[in-house]
Amino acid sequence: MESLPKSRDFQSAAASNISEKDLIRGLREKADWAFRELISRWSDKLYRLSLQFLKRPEEAQEIVQEVCLKVVEKIATFEEASSLYTWLYRVTVNESLMRLRPNKGKVQVSWEDALPKYENGIHLENFSDWAKLPDERFAEKEFQEFVQASIELLPDDLKTAYLLKDVEQLPEDEVCKILELTKPAMKNRVHRARLFLRKRIEGKYVR
């Protein structure tokens, strides 16, 4: 097995027409071409996903390398109950969250207090009119940074569902497989994350 490609290689590799079945077979046979294909096909996407959690490019690159090595080591145990793509995403999410755990003490607000309040299924608060929020506001750097900082305040379960569904824009079925959730449970997490972010944005920008 050759050494892992350098991080800069993550940005330039292109996927081939090798089928996933053949790729899995090649990985099980420890073929160098299969490892190169794994990197070529998935490293950019896994890097982007990990960066959403970690915010530090060097650490995201480390996660991608760790995930690829782990997949190669464990490929013999992969039962193909899900796609290789789903497995890679699941491992990347788990490895990224594990890397974040030592920093959990930095959360400074109660996200539960920020969520909209319901009673007997009825929303107790009125949403502000987002029409009062100028379109150009959404393009401002300050606004984007505020949204990103607000995402960081979400608990891991809501944040992960939101990133996969709304930021990575993965199909709902894939998000459910990656997180091993039913569709209603996945949607509930995404919905709660959206409500949290909406209320944060309204509190700062909508008057």
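**Cysteines, rings and core**

Modeller: Let's start with Cys-176, which is buried, with a relative accessible area of 8%; buried means under 20% relative accessible area, exposed over 50% and partly exposed in between, with a 1.4 Å probe and protein chains only. Please keep in mind that this is a predicted model, where local features need pLDDT of at least 70, side-chain atom pairs count only at pLDDT 80 or more, and totals for chains, interfaces and linings use all residues. Residues are numbered from 1 along each chain as its sequence is written, and side-chain values use heavy atoms, with hydrogens and water left out.

Colleague: And Cys-68, buried or exposed?

Modeller: Cys-68 counts as buried, at 1% relative accessibility.

Colleague: How many disulfides does the structure hold?

Modeller: The structure holds zero disulfides, taking a disulfide as a pair of cysteine sulfur atoms within 2.5 Å.

Colleague: OK, rings next. How many aromatic pairs does a search of the whole structure find?

Modeller: The search finds three aromatic pairs, where rings of Phe, Tyr and Trp (its six-membered ring) pair if their centres lie within 6.5 Å, and planes under 30 degrees apart count as stacked, over 60 as edge-to-face and the rest as tilted. One of them is the tilted pair of Trp-42 and Tyr-85, at 5.3 Å centre to centre with 40° between the planes.

Colleague: Which parts does that pair tie together?

Modeller: Trp-42 lies in helix α2 (residues 32-54) and Tyr-85 in helix α4 (residues 84-100), so the pair ties together parts that are 43 residues apart in sequence; helices here are DSSP runs (H or I, at least four residues), numbered from the N terminus. Another is the stacked pair of Phe-78 and Trp-87, with 4.6 Å centre to centre and 5° between the planes.

Colleague: Which residues do ring pairs link into a cluster?

Modeller: Trp-42, Tyr-85 and Tyr-89 are linked into a cluster by ring pairs.

Colleague: Switching to the largest nonpolar core, which residues touch the most other members?

Modeller: Leu-38, Leu-84 and Leu-164 do, among the 56 residues of that core, a nonpolar core being a set of buried Ala, Val, Leu, Ile, Met, Phe, Trp, Tyr and Cys residues joined through side-chain atoms within 4.5 Å. Helix α2 gives the most to this core, with 10 residues.

Colleague: What does Leu-164 touch?

Modeller: Not counting residues up to four places away in sequence, Leu-164 touches several residues, including Leu-49, Tyr-89, Val-93 and Ile-178, with contact meaning heavy atoms within 4.5 Å.

Methods:
Helices (H or I, at least four residues) and strands (E, at least two) are DSSP runs, numbered from the N terminus.
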